[in-house]
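Keep the sequence and the 3D view open, try each task yourself, and then follow the solution step by step.

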Amino acid sequence: MSPESKVLPQHASVIVIGGGVMGCSTLYHLAREGVTDAVLIERNQITSGTTWHSAAQVRALRGTQNLTELIRYSISLYSELEQETGQSTGWINKGSLSIATNRDRLTHIRRQEALAHLFGVRAQSISAAEAKERWPLMNAEDVLGAVWSPDDGRVSPSDLCAALIKGAKSRGARIFENCAVTGIVTDDSKVIAVETDKGPVRCDAIALCTGLWSRKVAALAGVKAPVWPCEHFYLLTKGIPGIEGNLATLSDHDSHLYIRDDSGGLLVGCFEPLGKPIDPEVLGEDFSFQLLPEDWDHFEPMMLNALHRLPVLESAEVKMLLNGPESFTPDGSFMLGEAAETRGLFLGCGMNSVGVATGGGAGMALAHCIVRGYTPGDLHEVDPKRFPACFNSAKALSERVPEVLGEHYAITFPGRQPSSARNLRTSPLHDKWLAANAAFGQFFGWERPLYFGQSENAQLTFSKPAWFEQVRHEVDQCHQGAGIFDQSTFGKIQVQGPDAENFLNRLCANDMARPVGRAIYTSMLNERGGFESDLTALRLDDECYRLYVGSASVKRDMAWLVRHRQDGERIDFKDETEDYAVIGLMGPDARRIVEEVGANELGDLAYFQHGESLIRGSPVRGVRLSYVGEAGWEITCQAQDAGKIYDAMYDAGARPCGLYAQTSMRIEKRFLSYGHDLDSDVTPLQVGLGFAIDWNKNFIGRSALMREKDKGIVGCIVTILLDDNDAVPLGNEPVYINGTAVGKTTSAAYGYRINRPIAIAYLKLNQSEIGTDWVEVDIARKMFRGRLILGAAFDPKGTRMRSIAGK
């Protein structure tokens, strides 16, 4: 390093904090984006935290197209960096082999294979015998089948970072090692400088890529980053006869193992069923190129699994049991994007042991987000704003991350829920649901009733679930009588001030200048015309609206609103989520019940109108709308009044219904859900929501939608009714027409009112291009025939089904 480069600049457009693979990749891509004055600050040395001891597997397939594309980008980058920089990355492309030793795992890997075909990733099912041929050292007696992925590989993490740094420097970026960040300076919730032990540096943005220490460093800027370390183990052996050259990575996830060659021996790593958390304070700030003590007692069950799979280990000489800490988040996905609390603070951390695999693409995406203001594709699964504040406590994290590590290789059964760090947030009706024997799921920290009358410890399966008939009972209750749905966890944002109407008209696609007393369904779009949110707004008075948003969306939506407030706009925002309960009363008996409980005023409301009344002496505000295709009201009340209002409804004959019943019914009615059917890559015109657009005003995204109309809309939402009543679609299954993949299911369930499995699907076609009423849905590599229809499969007010041919 030249003497000049040791002097910190007074200003840098972007400061990257942290010199692991994520920080190095972000710096490299910032420089490629033209941010040539970007600097990276590392308190020790490059790769000295987690990156240097990574097993560095690179497996392309992930659960979504965009996350998969990040790793495919990584693979491309890692194989090309040497040509660009002259520095080898150690990229070895020998593929990966995933084996299954039980039927559920076989279904799991075949579902993954199905997605691989949709995403353009090479993968194929092979027999146990062929798997044995590809991995001769493996004991395959209990193997039922496998999936072979030829494009996967691995890399040398230290060499990779050296290549990234070399490429960044060649474009003007600078690196400062042995420089500790001591503070982050903000002004009006916007980063303006970084303080270090070598002096301050002013900046416009910060990329926080500090791995194990991200929670502590983020707190310097007032940001909550729920990241916590766990110990991670892998065994290294000395040379073993029969290992020549490089082998594919062997994934024995039923045994919690990953296995590959290493310097003529074997590397056997694990994600054991329950990990060992470690407080970052115990590691200390000088934890650099260090490891934790070996723990053979903890590793012993995994060692026994390894001996079963690889008998050759019985005579192998152990080199070491490596124990290196890695960082995990509460849901097992990393964080990438701008923080909610502080503008200009971008997180790229909590990599959950996929840092090297994802790092190339994730660094590219983070740089793209910093420079352009958005990621190159929808990545809501890794948006830092998906976590509520309750997950940021040391107690919650130290309870949750051992389970997250243990679930790293778990089968993705439908209905799987975490068992740790529960009851962090409970609705005002939680005690009622406990008394009704509810099985709960956790969403944005909230406990929500999934269904009633059975234990939540029901055995999970890819077949019809244990709660199937109970959910049918709840749907029937709502369809034939009246159901009570707890919607209290919906985010509620008050928007108030003289400029509220103009502000919301600019941000929302629909007409927000409706009279007081109206409910308005609308979207908030980005400049590209994609959904940032879909919501229902109640106009409470001339200067006040209440926005009802998704349970997991409130933090993101609040940040979107705040960041689009212009200087001088007289408007305030308040998160009222925990102040109010919302009770959905739905079904043919709903009108009788509101009258019986004394809320006659609600019966006078037309659809999408709201008004006030009293139930058992407590004020309520009811809005006439439904998310389940049965007539009813969503009734808002003070949180402390929810119990007696529920009791009044129950005494009048209404009964509780859970989230699974609600989901089944909303899919039948083809009501779309953000995060499933809608995201920031999808536009209202593609999904049939043009009716909720007011073209007679300017709003964010309008220009993009106008271009889309002129160019021609590509993509549509359809409903699929499956012929086979035993089919169990879950969502995220490829859809084929005449042997060609044309899209995927986005939401799926059993439709109890129509008595068949049903899915909503997004097709990459115009409706006019479909040309058939029939498709096939690939469920774990088995094709199920389904009929395409437009509109809702169930509509109590009109024709229930309309085929493509009948359009």
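**Exercise 1.** How many bridges join strand β29 to β32, and do the two run parallel or antiparallel?

*Solution.* Before counting, note that this is a predicted model, in which local features need pLDDT of at least 70, side-chain atom pairs count only at pLDDT 80 or more, and totals for chains, interfaces and linings use all residues. Residues are numbered from 1 along each chain as its sequence is written, and side-chain values use heavy atoms, with hydrogens and water left out.

- Step 1: Find the strands, which are DSSP runs of E of at least two residues, while helices are runs of H or I of at least four, both numbered from the N terminus.
- Step 2: Strand β29 covers residues 580-586, and seven bridges join it to β32 in an antiparallel arrangement. Two strands count as paired if DSSP finds at least two bridges between them.
- Step 3: Now turn to strand β31 (residues 618-624), which pairs with β32 in the antiparallel sense over five bridges. Here Gly 622 stands opposite Ile 635.
- Step 4: Six of the seven residues of β32 (residues 632-638) are buried, so the strand is largely enclosed by the rest of the structure. Buried means under 20% relative accessible area, exposed over 50%, and partly exposed in between, with a 1.4 Å probe and protein chains only.

**Exercise 2.** Where does helix α18 lie, and which of its residues are buried?

*Solution.* 

- Step 1: α18 (residues 659-668) lies across β21 and β22, at about 75° to β22.
- Step 2: β21 and β22 (residues 446-452) pair in the antiparallel sense over six bridges, and the bridge partner of Phe 443 is Trp 446 in β22.
- Step 3: Eight of the 10 residues of α18 are buried, so the helix is largely enclosed by the rest of the structure. They are Leu 659, Ala 661, Gln 662, Ser 664, Met 665, Arg 666, Ile 667 and Glu 668.
- Step 4: Elements that these buried residues pack against include α12 (468-480) and β23 (483-486).
- Step 5: Following α18 comes Arg 670, with a positive phi near 55°.

**Exercise 3.** Which element gives the largest share of the lining of the second largest pocket?

*Solution.* 

- Step 1: α14 gives that share, with four residues.
- Step 2: The lining residues divide into 10 nonpolar, eight polar and 11 charged. Ala, Val, Leu, Ile, Met, Phe, Trp, Tyr, Cys and Pro count as nonpolar, Asp, Glu, Lys and Arg as charged, and the others, Gly among them, as polar.

Notes: Contact means heavy atoms within 4.5 Å. Axes are lines fitted to C-alpha atoms, for helices over the stretch in contact, and angles run from 0 to 180 degrees between N-to-C directions.
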